[in-house]
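Morning, everyone. I have one structure to walk through, and I will keep it brisk.

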Amino acid sequence: MSTVKYQMSNVRGQMSNVNAGFTLVELMIALAIFLVIAASATAIYTKLHTSSGINAAKAELVQALRRTRERSVAGLDNMTYGVHTTATGYTLYRSSASPFLYDGTRDVPYDQTTTLESPTTLSPALTDITFTKGSGTTAAAVTLTLTHGTGETKTIMVNRHGSIE
């Protein structure tokens, strides 16, 4: 009887050794699932990063436009304030002369230039948005478009009354 017990015990021990571990197919399936999850997470993170970058650029530009308009309305330092755009950024400027252009009578030491993070661009480039001293109005309505290299865009509108949306 002890011999039978030993043989049964030995068989059980061998069976448990055979079933311990994973097969190659199981490992391949687990690896495939992991790779699908990692690829999805990377795509989601990239889109989120792109969206947050262009949203931040829009928020900063809107804030700069509003700050510039407020300074013109207040007549701060008895100056007129404006924003000059380029494809890669924008410059806040001021002038005591009226009318004036960015390349004309501006107070160059005051210039505050902001460069957009690549691959974000701003259009139309070489546009001046000048806010009238005292009223904050502009000569014409302007629509600015921020475009990310992935094709995502954000629009900022400045109407003739100086309202920025």
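Start with a side chain: is Arg-94 buried or exposed? At 15% relative accessibility, Arg-94 counts as buried. The cut-offs: buried is under 20% relative accessible area, exposed is over 50%, and partly exposed is in between, with a 1.4 Å probe and protein chains only.

Ground rules next. This is a predicted model, where local features need pLDDT of at least 70, side-chain atom pairs count only at pLDDT 80 or more, and totals for chains, interfaces and linings use all residues. Residues are numbered from 1 along each chain as its sequence is written, and side-chain values use heavy atoms, with hydrogens and water left out.

Now the layout. The protein chain has two helices and seven strands. The order from the N terminus is α-α-β-β-β-β-β-β-β. Those are DSSP runs numbered from the N terminus: helices are H or I with at least four residues, strands are E with at least two. Of the 165 residues, 28% count as buried. The chain exposes about 10,700 Å², and carbon and sulfur atoms supply 62% of that. Areas are Shrake-Rupley with a 1.4 Å probe; for residues, only the protein chains shown count as cover.

Back to Arg-94, and to charge. A search of the whole structure finds three salt bridges. The criterion is a side-chain nitrogen of Lys or Arg within 4 Å of a carboxyl oxygen of Asp or Glu. Arg-94 pairs with Asp-77 at 2.9 Å, N to O. That pair links distant parts of the chain: Arg-94 sits in strand β2, Asp-77 in the loop between α2 and β1, 17 residues apart. Asp-77 is exposed, at 52% relative accessibility. Arg-94 also meets Asp-107 in a salt bridge, again 2.9 Å, N to O. Asp-107 is in the loop between β2 and β3 (112-115), so this pair ties together parts that are 13 residues apart in sequence. Asp-107 is partly exposed, at 22%.

On to the core. Which residues have the most contacts inside the largest nonpolar core? They are Leu-65, Tyr-90, Leu-144 and Ile-156, in a core of 19 residues. A core here is a set of buried Ala, Val, Leu, Ile, Met, Phe, Trp, Tyr and Cys residues joined through side-chain atoms within 4.5 Å. The largest share, six residues, comes from α2. Tyr-90 touches, among others, Glu-60, Leu-61, Val-83 and His-84, not counting residues up to four places away in sequence. Contact means heavy atoms within 4.5 Å.

His-84 is buried, at 8%. Its side chain makes a polar contact of 2.8 Å with the side chain of Asp-128. A polar contact is a pair of N or O atoms within 3.5 Å; within protein, one must be able to donate a hydrogen and the other to accept it, and residues adjacent in sequence count only if both atoms are side-chain atoms.

Last, Thr-138. It is in the loop between β5 and β6. At 6% relative accessibility, Thr-138 counts as buried. A polar atom of the Thr-138 side chain lies 3.0 Å from the backbone oxygen of Ala-140.
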